[in-house]
Amino acid sequence: MTMNNHTATHLLQAALIEMLGKQVKQSGSVVTPEYLRFDFTYHKNLTPEEIKQVEDRVNEKIMENIQVSIFETTYKKAIEKGVIAIFGEKYNPEKVRVVDVPGFSAELCGGTHVPATGNIGPFKIIEVSALSAGNRRIFAVTGPKAVELMQKNFSAIKTLSQKFSVAPEEVVSAVDKQEEHSACLQQTVKALKKQLLQSQLADWQKQIAPLNNVPFLSLLLENYDVDD
């Protein structure tokens, strides 16, 4: 799975550059058997539509099952061919290793990779966040982990659709309506509690007694919060 996620990281970077422009530069990455993490430079947050486009583009290249080519050349020749090098990384000028997904991605890399993109399996972005101004971070999963995630999400949506008696694509709208209804009920309860408190003011005033010549009243109110 590590090699799947490593090659997927290369495809992800190529898709980001293709979609967002050459200002996208890798600023860090982590590849594990469980997931991949890719940090990159970009001046604004990605929209949901942009995230979907990047994800779709990576999956498109995976389904094309492109044979991955790995070869050695000089650093100069690699750069002249447009191969991506990581900024700040030290390379042997006489021998560098190129990982090439023909027609889409070419990077200098010494890591392990799949023989063909189809080996990666499904690719799913699970989180996009901002590290700092101009720096973003993407977490993604591939293969069995992506399938497992999709199955869990499908099961959750199916359960909610049955609970709300709506089609799966209407679940979000149903949840939004439920939240609106809950907020209205909370406002109603708050108003009723306020009326109840006000109705008891006259009785509480009668319970005021002097304590060391200071008018004093002690009350224990249950089911009320500080704001009430």
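**A colleague's note on the chain and helix 1**

1. Of the 228 residues of the protein chain, 31% count as buried, meaning under 20% relative accessible area with a 1.4 Å probe, protein chains only. Keep in mind that this is a predicted model, where local features need pLDDT of at least 70, side-chain atom pairs count only at pLDDT 80 or more, and totals for chains, interfaces and linings use all residues. Residues are numbered from 1 along each chain as its sequence is written, and side-chain values use heavy atoms, with hydrogens and water left out.

2. On overall shape, the protein chain has a radius of gyration of 29 Å, while a compact globule of 228 residues would have one near 17 Å. That radius is taken over C-alpha atoms, and the globule rule is 2.2 Å times the number of residues to the power 0.38. Along the principal axes, the C-alpha atoms fill a box of roughly 95 × 50 × 30 Å.

3. As for secondary structure, you'll find six helices and nine strands; these are DSSP runs, with helices being H or I of at least four residues and strands E of at least two, numbered from the N terminus.

4. Helix 1 covers residues 2–20 and reaches 26 Å from its first C-alpha to its last, close to the expected 27 Å, which is 1.5 Å times one less than its number of residues. Helix 1 is also mostly covered, with 14 of its 19 residues buried. Just after helix 1 comes glycine 21, with a positive phi of about 115 degrees.

Conventions
Buried < 20%, exposed > 50% of the residue type's maximum accessible area, 1.4 Å probe, protein only.
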